[in-house]
Amino acid sequence: MRLADDAGRPALPYEDPEGGAPLRCCLRPSSPGERIALVTYAPLRRWAAGRGIDPGAYDEQGPVFVHAAPCTPDPAAGHPFAHPGALRAVRRYDGAGHILGGRVLTLGEDGDAQLDAALQEAFADPRTVLAHVRAVEFGCFLYEVRRP
């Protein structure tokens, strides 16, 4: 992704002047002055390729932020990017990579509990094998959750 993204374009690193970009590589917001890049990412395509399936028309690609250089994730407790007021979509997929449905959330003070409930609901359907959490405003893929 740091050389060429899923659309075949080269990454164009820049210094983030303000910080706060949701970094997909380490699941945290960027800090002011960090070198990052906005790249095109096709998360379902990558998952499907590992399973030898073709998600067909559901093979969408969208923007994600990554560090310009390799980084080390620092796992934090709770869901990444679950701040109050955030608009999130939880989209669920079956084993063929087809969308089964989704839910849009406006996160409150306990965004972790809201996301936990939405994911429990998603995986209550036995056909659901993975869920994507996305930022509604920009369509950015934030992270994937696979069936526990």
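Student: How many bridges pair β6 with strand β7, and in which sense?

Tutor: This is a predicted model, in which local features need pLDDT of at least 70, side-chain atom pairs count only at pLDDT 80 or more, and totals for chains, interfaces and linings use all residues. Residues are numbered from 1 along each chain as its sequence is written, and side-chain values use heavy atoms, with hydrogens and water left out. Strands (E, at least two residues) and helices (H or I, at least four) are DSSP runs, numbered from the N terminus, and two strands pair if DSSP finds at least two bridges between them. For β6 and β7 (residues 99–106) the sense is antiparallel and the number of bridges is seven.

Student: Which residue in the turn of the β6–β7 hairpin has a positive phi?

Tutor: Five residues separate β6 from β7 in this hairpin. A positive phi of about 85° belongs to G97.

Student: What is the bridge partner of R88 in β7?

Tutor: R88 is part of strand β6, which covers residues 87–93. Across the pairing in β7, its bridge partner is L105.

Student: How far from R88 is the nearest side chain of opposite charge?

Tutor: R88 is buried (under 20% relative accessible area; exposed is over 50% and partly exposed in between, with a 1.4 Å probe and protein chains only). Lys and Arg count as positive and Asp and Glu as negative, while His and the chain ends are not counted. A salt bridge needs a side-chain nitrogen of Lys or Arg within 4 Å of a carboxyl oxygen of Asp or Glu. R88 has no salt bridge, and the distance to E137 is 4.2 Å.

Student: Which residue has its backbone oxygen 3.0 Å from a polar atom of the R88 side chain?

Tutor: The contacts of R88 (heavy atoms within 4.5 Å), not counting residues up to four places away in sequence, include H83, R103, V136 and F81. The backbone oxygen in question belongs to F81.

Student: Which residues does the salt-bridge network of E60 join?

Tutor: E60 forms a salt bridge with R91, the closest N and O atoms being 2.2 Å apart. E60 lies in the loop between α1 (43–51) and β5 and R91 in strand β6, so this pair ties together parts that are 31 residues apart in sequence. E60 also forms a salt bridge with R134, with closest N and O atoms 3.6 Å apart. Through shared partners, the salt bridges make one network of E60, R91 and R134.

Student: Is R134 buried or exposed?

Tutor: R134 belongs to strand β8 (residues 130–135). With 7% relative accessibility, R134 counts as buried.

Student: What is the C-alpha to C-alpha distance between L115 and V133?

Tutor: L115 lies in helix α2 (residues 111–124) and is buried at 1% relative accessibility. V133 is one of its contacts, along with others including H79 and L105. L115 and V133 are 18 residues apart in sequence, and their C-alpha atoms are apart by 8.9 Å.

How values were computed: Polar contact = N/O pair within 3.5 Å; in protein donor to acceptor, adjacent residues only side chain to side chain.
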